[in-house]
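Please keep the sequence and the model in view while reading.

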Amino acid sequence: MYWMDVLIFVFGLCWGSFLALMAYRIPRKISIVVPRSFCDSCNDKIEFFNNIPIISYLLLKGKCKKCGAKIPVRYPVIELITAILFVFAYERLFYDYYSLIRALLLVTALLPSIFIDLDERIIPDRLSIGLIICGFALSLFDPMMAWHESAAGIVVGGGLLFIVAEGYYRLTGREGLGGGDIKLLAGIGALLGWYPALMVIFYSSILGSIYGIAMMIIFKKGRLTEIPFGPFIGASAILYYFIMEGGLIR
Ligand SMILES: [Zn+2]
């Protein structure tokens with residue numbers, strides 16, 4: 001058991017490294033497969049022994065070996081978050097392969113979406129629509145979740161957020177939620193079902209409000225500065241799934 005956890009942790013670090021690469025490359029339209037890892041500043045190829053998750057970051061003291069440019073701290077952070085989530089998923093969900101696949105899909109689609117939305121204010125279709133397709137496809141095989149539950153998740157998750165977005169726009173004349181948020185929530189609904197999708201809307205609104213109020217108090221800004229909503233949706237869905245489904249609260 002102990003060695004298996006270590007193995008899963010290491011696998012999680014490597015997978016997290018891939019997710020960080022997705023978060024960087026997808027909005028820049030660079031293939032996530034072909035070019036090897038390279039430095040953002042000098043474009044120098046990173047040798048495999050300088051590309052070990054976390055360890056290389058610490059050994060290189062967060063700097064590119066060739067040009068000395070700072071390596072963004074988000075790389076080791078994403079690697080570590082992924083590794084912790086994977087160990088948790090393995091410990092709590094390993095008896096149910098479908099729940100395990102679900103956890104893997106959720107983390108793979110949502111972690112890059114969170115960082116891309118923070119940077120670029122978009123959620124790529126490859127991640128959101130990809131999640132809708134994978135979630136629905138999984139329900140065709142999963143004995144614990146029927147395909148119509150997945151379909152209801154798409155309709156409730158996407159539909160409800162669409163209504164909220166439309167209402168907000170009509171009331172304020174500003175676009176608070178984008179199509180990317182709606183598609184992402186439809187994907188979460190496809191994967192988890194309609195009730196969790198509803199809960200994710202609820203929790204992300206609370207998280208977003210707390211953050212918004214905190215920002216207003218700290219920076220004394222009169223009105224809400226434009227904050228992308230996708231990161232709150234992504235974080236809420238991951239927390240909801242791992243805490244509720246993972247059995248942290250039961
Ligand atoms: Zn460099």
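The structure is a predicted model, in which local features need pLDDT of at least 70 and side-chain atom pairs count only at pLDDT 80 or more, whereas totals for chains, interfaces and linings use all residues. Residues are numbered from 1 along each chain as its sequence is written.

**Confidence**

- The chain has a mean pLDDT (the predictor's confidence in each residue, from 0 to 100) of 89, and 95% of its residues reach 70 or more.
- Helices (H or I, at least four residues) are DSSP runs, numbered from the N terminus.
- Among the elements of the chain, the lowest mean pLDDT, 88, belongs to helix α2 (residues 55–59), and the highest, 96, to helix α5 (residues 125–139).

**Domains**

- Domain 1 covers 1–94 and domain 2 covers 96–250; such bounds come from an automatic or database domain assignment.
- A distance of 24 Å separates the C-alpha centres of domain 1 and domain 2.
- Between the domains, 15 residues of domain 1 are in contact with 18 residues of domain 2, contact meaning that the C-beta atoms of two residues, placed from the backbone, lie within 7 Å.
- On the side of domain 1 that touches domain 2, α1 (2–25) and α3 (74–93) each supply at least two residues, and α3 gives the largest share, nine residues.
- That side of domain 1 has twelve nonpolar, one polar and two charged residues. Here Ala, Val, Leu, Ile, Met, Phe, Trp, Tyr, Cys and Pro count as nonpolar, Asp, Glu, Lys and Arg as charged, and the others, Gly among them, as polar.

**Helices α1 and α3**

- The axes of α1 and α3 come within 7 Å and cross at roughly 140°. Axes are lines fitted to C-alpha atoms, for helices over the stretch in contact, and angles run from 0 to 180 degrees between N-to-C directions.
- The pair α1 and α3 is therefore oblique; angles under 35 degrees count as roughly parallel, over 145 as roughly antiparallel, 65 to 115 as roughly perpendicular and the rest as oblique.
- The crossing of α1 and α3 is right-handed. A crossing is right-handed if the near helix is turned clockwise from the far one by less than a right angle, and left-handed if anticlockwise.
- Residues making this contact include Phe9, Trp15 and Leu19 of α1 and Tyr75, Phe86 and Tyr90 of α3.
- The contact of α1 with α3 comprises 15 nonpolar, four polar and three charged residues.

**Helices α5 and α7**

- Helix α7 (residues 179–192) packs with α5 at an angle of about 20°, their axes being 7 Å apart.
- The two helices α5 and α7 are therefore roughly parallel, and their crossing is left-handed.
- Among the residues in this contact are Ile129, Ile132 and Phe136 of α5 and Leu184, Gly187 and Leu191 of α7.
- Eight nonpolar, four polar and two charged residues form the contact of α5 with α7.

**Helices α6 and α7**

- Helix α6 (residues 147–172) packs with α7 at about 155°, the axes lying 6 Å apart.
- The two helices α6 and α7 are therefore roughly antiparallel, and the crossing is right-handed.
- The meeting residues include Gly153, Gly157, Gly158 and Phe162 in α6 and Ile182, Ala186 and Gly189 in α7.
- By class, eleven nonpolar, five polar and two charged residues make up the contact of α6 with α7.
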